[in-house]
Amino acid sequence: MNKHIKKVAVIGSGIMGSGIACHFANIGVEVLLLDIVPRELDEREKAKGLTLEDKIVRNRLVNNSLAGALKSKPSPIYHQKFAQRITTGNLEDDISKVSKVDWIIEVVVERLDIKKMVFENLEKHRTLGTLITSNTSGIPIKFMSEGRSEDFQKHFCGTHFFNPARYLKLFEIIPGPKTSSAVLDFLNGYGEKFLGKTSVVAKDTPAFIGNRIGIFSIQSLFHMVKEMGMTVEEVDKLSGPVIGRPKSATFRTVDVVGLDTLVHVANGIYENCTNDEKHELFKLPDFISTMMENKWLGSKTGQGFYKKVKGDGGKSEILTLDLDTMDYRSKKSAKFATLELTKTIDKVVDRFEVLVSGKDKAGEFYRKSFAALFAYVSRRIPEITDELYKIDDAMKAGFGWEHGPFQIWDAIGLEKGLAIMKDEGQEPATWVSEMAAAGINSFYSVKEGATYFYDIPKKSIEKVPGQDSFIILDNIRKSNEVFKNSGVVIEDLGDGILNVEFQSKMNTIGGDVLAGLNKAIDLAEKDYQGLVVGNQAANFSVGANIGMIFMMAVEQEYDELNMAIKMFQDTMMRMRYSAIPTVSAPHGMCLGGGCELSLHADKVVAAAETYIGLVEFGVGVIPGGGGSKEFALRAADTFKKNDVELNVLQEYFLTIGMAKVSTSAYEAFDLGILQKGKDIVVVNKDRQIATAKEYAKLMAEGGYTQPVRRKDIKVLGKQALGMFLVGTDAMEASHYISEHDHKIANKLAYVMAGGDLSEPTFVSEQYLLDIEREAFLSLCTERKTLERIQHMLKTGKPLRN
């Protein structure tokens with residue numbers, strides 16, 4: 001199916017509809033967003049003398065919904081200017097415009113009768129061949145298309161986005177009875193390639209895949225918490241980051257999503273899945289019913305499992321619901337011996353075997369919860385899907401699990417998982433026993449860099465489809481390793497391109513990482529054609545190893561610290577000035593030193609969800625790995641296009657001084673971190689390493705030549721320095737910044753002005769690096785700086801002193 005999506009219509013502008021509209025605008029698609037016409041005037045409209053016939057009134061609902069979405073945090077849109085791609089209207093005056101779109105997405109209230117009315121109306125204006133889909137979260141697709149034309153039914157299916165549409169990657173595609181296979185294949189590919197989603201084709205069963213398994217998991221814990229006499233804090237401690245789940249874990253997640261939302265889906269499963277062997281588990285526990293009656297729905301009503309109150313002296317306190325008394329009380333700490341055993345295990349996947357072997361309540365919790373989960377997911381095949389990997393994909397992409405149920409089972413071990421299930425009175429589906437009897441002892445395997453899975457209908461190991469566009473580093477790390485130290489692994493990506501993958505905690509950049517980067521450049525210059533710096537952890541890099549800096553500064557080992565900073569600077573300069581092209585592939589948090597590395601690469605291939613910035617002010621220093629130098633250089637390059645040189649320099653100065661961080665890769669262009677015409681953005685992070693490799697290869701084959709070091713950087717000297725110092729003096733006098741902030745800002749001003757030169761002068765990069773390093777080192781001698789670094793190391797938060 002050769003189809004190009006240039007324009008979509010989104011019908012319904014609620015939280016979900018506006019979110020979907022924004023995400024299509026994110027990827028450059030023109031959007032028509034429609035909603036119903038209000039039936040009465042509001043007070044403001046009455047005061048203005050407006051009538052129900054005025055356009056501003058008729059479009060009030062859709063405009064207010066979209067405006068509310070655009071103001072929400074986190075933002076549904078990559079860049080506010082992208083909202084210009086969305087045109088609003090209403091379902092009476094503007095419905096004929098759907099004849100001009102390529103795809104119509106219905107996102108109205110979850111009532112079959114209303115959806116069928118909307119589809120009947122849409123079909124009067126829809127052009128033959130136009131895709132038409134529903135974002136229903138559970139209404140059977142077969143009922144929605146009843147009575148519609150043959151062409152409508154052929155092009156109709158469910159497309160279930162998860163909320164928020166920008167951030168959650170799951171895109172469930174649910175065929176109707178007559179949906180064309182070409183339509184399914186197109187949507188599957190479009191979701192992955194263009195929308196940046198994990199596309200999962202599901203069967204038309206209640207709650208599809210993600211919510212069926214996700215709600216089971218939550219309901220299972222709801223019942224278990226009472227059975228085991230556990231507290232809310234204990235369950236959240238055990239079901240959060242320690243097992244690769246979001247920080248909000250279980251109960252906090254329900255508070256954020258809304259208890260009523262969860263109850264709605266759970267009731268739907270209970271009513272429509274009467275043959276489910278765990279049918280009774282979807283019945284709501286008494287404490288949930290009480291919370292619903294009291295309207296303790298979570299964040300939307302101000303209280304749920306947690307409640308934020310003002311304590312003595314106006315200090316905020318978060319209280320926790322006691323599930324026995326149904327009263328709120330102060331939070332209790334939750335500690336378990338089993339969790340202590342996992343503190344030295346960095347990789348989540350390696351913790352599961354330890355967790356299920358625990359001798360305390362935590363170990364019992366994990367054995368019970370995983371046994372129930374393993375039994376349930378095995379028995380949902382072939383009901384909700386024929387392929388086990390789709391269940392794992394759905395849970396990872398829709399619920400933020402780092403590992404899906406079958407991957408967790410593999411980590412524990414097939415036989416051990418079966419033994420735990422037997423002990424807990426849980427029984428898996430018969431196909432699992434058949435698989436084990438056939439001598440197949442894992443659900444997944446890796447061969448030649450590709451992931452294979454156990455295909456249940458075929459009773460054989462098959463390749464997971466759709467991997468050809470991806471490079472999965474976990475799959476090639478061992479087989480393609482070229483070099484390894486404690487900070488990095490260097491892998492051969494093929495076609496003459498190497499990849500440097502950070503392996504340090506939070507991917508911080510310390511001595512071993514810098515040594516690894518230099519080694520990678522050495523290897524690439526000798527035997528390869530190009531270098532990518534990329535990884536597939538949660539974050540690209542949170543910056544330099546400030547713990548190392550702190551220790552050197554406390555011990556007053558200033559010569560060693562000077563050498564360490566110079567090594568950092570020299571490594572960044574090698575990223576720019578080497579005989580091979582270098583490509584940085586940032587994603588997630590890319591802060592401080594991680595940002596400096598990207599600033600010095602020949603090209604940046606950034607994931608759309610990249611939060612990048614120079615944040616060193618927060619720990620009491622300036623960027624010392626070439627970041628301050630680079631911003632002075634980029635400002636100077638902009639002088640040529642802008643006559644007001646001081647204003648340009650001030651913008652770059654403020655980006656560092658205010659520790660600005662982009663909320664998407666697209667915002668990073670505005671901050672001067674990414675450069676138009678040079679750097680690119682990819683929406684699907686899974687494609688990022690492969691895309692970066694292709695660009696490195698393209699540059700190498702295009703005749704890449706090592707650049708000449710710059711000696712033509714215009715700095716403004718005392719003219720700029722005077723402006724900056726007057727500004728920082730005024731800000732301290734007005735109590736906008738602290739005395740120490742004032743000192744840091746003046747050091748940055750000195751570097752970006754090029755020192756106190758008497759007139760504008762052309763200088764080299766090395767000149768700027770030397771004064772940058774001198775300024776950085778001088779700040780490291782300050783007590784206030786050491787206090788900030790120590791506070792950051794302890795709390796992970798900046799200190800303003």
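**Figure 1. Glu192 and its contacts in the predicted model.** Setting aside neighbours within four places in sequence, Glu192 is in contact with Lys197, Ser199, Phe470, Asn684 and Arg687. This is a predicted model. Glu192 belongs to helix α8, which covers residues 181-193. Is Glu192 buried or exposed? The relative accessible area of Glu192 is 16%. Buried means under 20%, so Glu192 is buried. Leu170 stands 22 residues from Glu192 in sequence. In space, their C-alpha atoms are 9.7 Å apart.

**Figure 2. Asp686 in a loop.** Asp686 sits between strand β23 (680-682) and helix α29 (688-701), in the loop that links them. Which residues does Asp686 touch, not counting residues up to four places away in sequence? They are Lys169, Phe470 and Ile471. Asp686 is partly exposed, and its relative accessible area is 31%. Val464 is 222 residues from Asp686 in sequence. The C-alpha to C-alpha distance between Asp686 and Val464 is 15 Å.

**Figure 3. Arg576 in helix α24.** Helix α24 spans residues 558-576, and Arg576 is part of it. Arg576 is charged, as Arg residues are by class. Is it buried or exposed? Arg576 has 13% relative accessibility and counts as buried. Neighbours within four places in sequence are left aside in the contact list of Arg576. That list holds Leu599, His600, Asp602, Lys629, Glu630, Leu633, Arg634, Tyr704, Pro707 and Glu765. Thr179 is 397 residues from Arg576 along the chain. The C-alpha atoms of Arg576 and Thr179 are separated by 52 Å.

**Figure 4. Helices α26 and α27 packed together.** Helix α26 runs over residues 627-639 and helix α27 over residues 645-657. Their axes are 9 Å apart, and the packing angle is about 155°. Angles over 145 degrees count as roughly antiparallel, so α26 is roughly antiparallel to α27. The crossing of α26 past α27 is right-handed. On the α26 side, the contact uses Gly627, Ser628, Phe631, Arg634, Ala635, Thr638 and Phe639. On the α27 side, Glu645, Val648, Leu649, Tyr652, Thr655 and Ile656 take part. By class, the α26 and α27 contact holds seven nonpolar, four polar and two charged residues.

**Figure 5. Helices α12 and α13 at an oblique angle.** Here the pair is α12, residues 259-272, and α13, residues 286-293. The two helices pack at about 125°, with axes 11 Å apart. How do α12 and α13 lie relative to each other? They are oblique to each other. In this pair, α12 passes α13 in a left-handed crossing. Leu259, Asp260 and Val263 of α12 meet Ile288, Met291 and Met292 of α13. Five residues of the α12 and α13 contact are nonpolar, none is polar and one is charged.

**Figure 6. Phe502 and the nonpolar cores.** In soluble globular proteins, nonpolar side chains tend to be buried together. How many residues does the largest nonpolar core have? The largest nonpolar core has 117 residues. Those with the most contacts inside the core are Ile20, Phe24, Trp103, Phe502 and Leu517. Phe502 touches Gly487, Val488, Asn507, Ile509, Val513, Leu517, Val533, Asn535, Phe540, Ser541 and Leu597, not counting residues up to four places away in sequence. Another core, of 112 residues, lies apart from the largest one. Its members include Ile174, Val254, Met395 and Leu414.

**Figure 7. Two cis peptide bonds.** Most peptide bonds are trans. Lys73 and Pro74 are joined by a cis peptide bond, with omega about -5°. Pro74 is in the loop between α4 (60-71) and β3 (86-90). Ile381 and Pro382 are also joined by a cis peptide bond, with omega about 15°. The loop that holds Pro382 lies between α16 (361-379) and α17 (388-399).

Figure 8. Most residues other than glycine have a negative phi. Met326 is not a glycine, yet its phi is positive, about 60°. Met326 is in the loop between β10 (316-321) and β11 (328-330). With 15% relative accessibility, Met326 counts as buried. Met506 has a positive phi of about 55°. Its loop lies between β17 (497-502) and α22 (511-527). Met506 is partly exposed, with a relative accessible area of 47%.

Technical notes
Residues numbered from 1 in each chain as written. Predicted model: local features only at pLDDT ≥ 70, side-chain atom pairs only at ≥ 80, totals over all residues. Heavy atoms only, no water. Axes fitted to C-alpha atoms, helices over the stretch in contact; angles between N-to-C directions. Helix = DSSP H or I, 4+ residues; strand = E, 2+ residues; numbered from the N terminus. Parallel < 35°, antiparallel > 145°, perpendicular 65-115°, else oblique. Left-handed = near helix turned anticlockwise from the far one by under 90°. Contact = heavy atoms within 4.5 Å. Core = buried A, V, L, I, M, F, W, Y, C linked by side-chain atoms within 4.5 Å. Buried < 20%, exposed > 50% of the residue type's maximum accessible area, 1.4 Å probe, protein only.
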